Every structure is written in C-alpha cells, then in structure tokens.
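Q: I have a model open and want to learn how to read a ligand site and a chain interface. Can we walk through it together?

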Amino acid sequence: MITVNNISKSFDNIKIINDVSAVFDKGKTNLIIGQSGSGKTVLMKCLLGLLDIDHGEILYNGKKFDKDNISTISHLRKQIGMVFQGSALFDSMSVLENIIFPLRMFSDNTDSEMINRAKEVINRVDLKDVDNKFPSEISGGMRKRVAIARAIVLNPKYLFCDEPNSGLDPKTAIIIDKLIKEITIEYDITTVINTHDMNSVMEIGDKIIFLVEGKKIWEGTNTEILDTDDQMINDFVYSSELFKKVKLAQKKN
Amino acid sequence: MKFFFHIGRYFLMIKYTFTKFTKWSVLKKLIFQEIDDLILGSIGIVAFMSFLIGGVVAIQTALAIENPFLPGNLIGFATRQSVILEFAPTLISIIMAGKVGSFITSSIGTMRVTEQIDALEVMGINSFNYLIFPKIISLLLYPFLITLAMFLGILGGYVASVYAGFSTSFDFIQGIQLDFQVFHIVYTYSKTMLFAFVLATIPAYHGFYMRGGALEVGKASNISFVWTSSVIIILNFIVTQLLLA
Ligand SMILES: Nc1ncnc2c1ncn2[C@@H]1O[C@H](COP(=O)(O)OP(=O)(O)OP(=O)(O)O)[C@@H](O)[C@H]1O
Ligand SMILES: [Mg+2]
C-alpha cells in the first residue's frame, strides 16, 4: 500500500502537482488518469523519488519514503519495479541482458541461476525468440513486455507503469493491460498505472484517481466513473464516440 | 549567476560519482568497455593527425629558419619541443574533445532523454557512479595516447624534413636529443592528466543534465565541445603559467 499525503511539486514556480492525496491499494491496479500534460508522469516520478516534492509526504506500507535515508531507501528500491512510458530499455544490452540486469546488480546468484530466473519471467510475459535481440530490433509491444519482465524479475512489492499501452494497437494494448493485472493479483503487489486510455480504465480500473492540471478532482472505480455527473470527467470519458454510445445504451436499459 | 550554478552542479556531480559504488563485477566490465570505446577507438585518428601535424611543424620550422648560420639540428630540436610541449597534449586533446567528448555527451544524453538514467535510479543504482566513473578510469590511459602522439609527431617531423631535404637524418636526431629537460615531461604529463579528467567529466555533465529530445542531444554535443575545448585551452594557459613561466 502506498499513501500520499498532500504532495505538491512546482517547476519554475508553476504548480504541476497541486496538493494531491491518495491511497494506492495492495493487490489492485490503481490508475492515475487525466489528459496529456495533466501531471501523471510528474506525480509518478515524485512517488518514485525521481523528482523531489516541495510539500507533503509519501508512505510505503506506512513507512515514510525518505530519499536521503540510504539504508532504508536501497532496501525499498529493490522492491520497486517500473515500466517507463518509452520502455527505457538499455539499448547497449540484449533483451536477455536487460532482464538479467537487476539480478546482476542485486543478487548473488550464479550466471545460470540468473538466466533461469530471466527465462521464467520471459515466459511469464509471453516473449518468444528475442533473447539475443537488441531493443532497437524488436517491436514496441515486445519492448513493453521486456520492460515488464525487467520490472518484475526481482519480485517487486510495488509496480509502476507509465502508460504501459501507449503506442500499441487496441488488441495488444488490452493484452498488456491484462498481463499487468494478472501479475498484480498473482504476486499480490501494489500497482500504479498512468493512462489516458478509456479502454484500460474499463478493463483494469480497480481504483482510479482523476487528475486535472495537477489536482485530484475525483476518485472511484471503473463502474462508478460511468455514472458520475462531474462535467470534467464526462468530457474525458465520453470524448470517444464509442463510450458515448455505451452511455446511451445504458440509459435505454 | 547561471555560470556559478553550473560550476556548483558540476562539482556535485563529481562528488556523487565517487560515492555509492556499483558492484565491482559490473563496474569492471564497464571500464573495459570504455577503454575500448574511448582509448583504443581513438588510436587511429590520433596516429594519423599527430604524424601529419609533426610533419607540418618540421617544415614550417625549416622554412622559418632558412639561414646558413643557424645550426642544422635546430629543426629536430624545435619539432621535438613543439610536439611534446604543445601539439601532442593540447591539440590532440582538442581533437579528442570533438571525438570522445561528443560521444560521451550523446551517449549519456540519449540515456537521459529515453529515461534510461531514470530506470537506473529507480533500481537504486547511483547513475553518476555507474556512467561516469568508468569513463574517468578508462581515461587514466589517456597519457598512453598522448605518448603515441608525441612519438608519431616527431617521426612525422623526421620523415618530412629528411625526405624533403630540409635536414639530414643525423642533424635531426641530434636535434631531438639536444638539451633534454625532465621537467618538461613532468609539465606535459601533468597537463595531459588534467585534460583527461576534463575530457571525461565536462561532456558527461552536458549529457547528464540535458533536457528534451533527440534534437537536443545534438545541440548538447555541440555545446559540450565548445566548453570542453575552451576549458582545455584555459587550463593549458594556467598550467603553463604556473609550471613553465
Ligand atoms: N522536468 C520538467 N521541468 C519543467 N516542466 C516539466 C518537467 N516535467 C514535466 N513538466 C511539465 O509538467 C506538466 C505535466 O507533465 P507530465 O509529463 O506529467 O504530463 P502527463 O500527464 O504525463 O502527460 P502525457 O499523458 O502526455 O504523458 C507538463 O506541462 C510539462 O511541461
Ligand atoms: Mg506522461
């Protein structure tokens, strides 16, 4: 569980994250949604300590996240996996080396143990015949899978995904979403996902936080989001014709 | 003000580089990789440039002193002095600021814009140590390149002046051996080490703290070259003032 209390973050005196509080539950896929530029990535980077917050506090399992406390932070870091918006694979390493990398850094396993563990997660994310390819030689959807595999190879307790299905076709997008959801339940981890894709919201939105210009204006579940009267949410949800039709159909019933 | 901000951040970067070390087994591989990229990969251009520059220096000297009253070994002597004191350490370093420097800036900068550095940080890896330390260590071999440049520079001078008939082989070699001062070697290798550190760290700084996308990586490499070569020239002036003047 991750608890966020009143955090704010500014760049050049412009508030990008404005007094956000939230709780991200264990064993659930927690979504941060909002338009492009609403501050999702910045919020996630604050949670991860990649950006320093100006105010507020972040608690991992009740313990304060303190970037400068070397002993607790390095322990916590090993429990965190992250899938970046652009996958962020190390392009000087093969796919297999990318996935082994966290093991190489933080475990005392032998080479063959590491390769076995890597093969396990490679199977888990349904990757085939790419071990010795380089990130530039595989498709975007495969890169996401590799990034997920790298993020879960150390059995994390917390998984962060920044738009895991952006740039993918709708079918692959849903497969990736479902994969993340399955992993979340299987390993009982706290998963936080940034997205602006309504399909993902409906598919895996156990818990949703809605951001507008860095402010949290709503929270709820994927069933509640269709029924709310809030104008800004409706503008977001029903910006696609498809969901307008769903809404109409629901009203008729 | 901006200038002092950068200076401060540069020195902080160097401090972070020497804290929280990456696992040795991993670091070792990275160091060998950097030696391959930065040092071995530069031998060709350094050899080619220094040989030709040495030749030009010898010819220029010969043309400037076409006077029968000056001793014949002067060409060899002047070539040796210019190559060892200036052309090998300083000019080659400027060339390396273009070659090695822009390579460092663009490789670190690409890692920055594609969030690979963030990925390292999230895993709890000190990205400063992971990325910059191996470069600094591999550039400890930089004096090897400069020694090669000195040797080939003088050889180039010999070939040019003897084959073009400006000097005899005997005179030239006698010139090279004339009035040899150990302190000049101390001076030239001191500045070589200083330049090596500059070559590793200033381009790394520009890559590390860049923002934007692919286009900005190119711009950062340009700015990095301007700064690295300027700092080398300025340090060259200061060190020469301190040690030789
Ligand atoms: N390092 C930074 N310095 C200054 N401003 C920044 C920085 N990072 C982000 N911003 C600004 O913060 C705002 C929110 O950006 P953010 O990347 O969080 O949006 P997002 O919700 O993730 O959008 P998208 O869906 O397009 O990824 C943007 O206006 C951006 O310009
Ligand atoms: Mg984003």
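Q: Which helix gives the largest share of the shell around ligand 1?
A: Start with the shell and ask which elements supply it. In this predicted model, helix 1 of chain A (residues 40-47) leads with 3 residues. In total, 14 residues surround the ligand, and S36(A), G37(A), K40(A), T41(A) and E163(A) are the closest. By class, the shell has 3 nonpolar, 8 polar and 3 charged residues.

Q: Which side chains put a polar atom by an oxygen atom of ligand 1?
A: Here you look for N or O atoms paired within 3.5 Å. E163(A) sits 2.7 Å from a ligand oxygen, K40(A) has a side-chain N or O atom 2.9 Å from one, and for Q85(A) the distance is 3.1 Å. As for cover, ligand 1 alone exposes 630 Å², and the protein buries 66% of that.

Q: Where does ligand 1 lie relative to the chains?
A: Between chains A and B, so let's turn to that interface. About 1700 Å² is buried there, with 64% from carbon and sulfur atoms. On the chain A side, R77(A), F90(A) and M105(A) lose the most area, together 29% of what that side buries.

Q: How many salt bridges cross the interface of chain A and chain B?
A: Look for Lys or Arg nitrogens within 4 Å of a carboxyl oxygen. The rule finds 2; K45(A) and E115(B) meet in a salt bridge at 3.1 Å. Polar contacts link 7 residue pairs across the two chains. Helix 3 of chain A gives the largest share of its side, 6 residues, and that side has 14 nonpolar, 3 polar and 6 charged residues.

Definitions and conventions: Residues are numbered from 1 along each chain as its sequence is written. Chains are lettered from A and ligands numbered from 1 in the order in which they are written. This is a predicted model: local features need pLDDT of at least 70, side-chain atom pairs count only at pLDDT 80 or more; totals for chains, interfaces and linings use all residues. Side-chain values use heavy atoms; hydrogens and water are left out. A residue is near a molecule or strand if one of its heavy atoms lies within 4 Å of it. A polar contact is a pair of N or O atoms within 3.5 Å; within protein, one must be able to donate a hydrogen and the other to accept it, and residues adjacent in sequence count only if both atoms are side-chain atoms. Accessible areas come from the Shrake-Rupley method with a 1.4 Å probe; for residues, only the protein chains shown count as cover. Helices (H or I, at least four residues) and strands (E, at least two) are DSSP runs, numbered from the N terminus. Ala, Val, Leu, Ile, Met, Phe, Trp, Tyr, Cys and Pro count as nonpolar, Asp, Glu, Lys and Arg as charged, and the others, Gly among them, as polar. Buried area is the accessible area (1.4 Å probe) that two parts lose on being put together, summed over both. A salt bridge is a side-chain nitrogen of Lys or Arg within 4 Å of a carboxyl oxygen of Asp or Glu.
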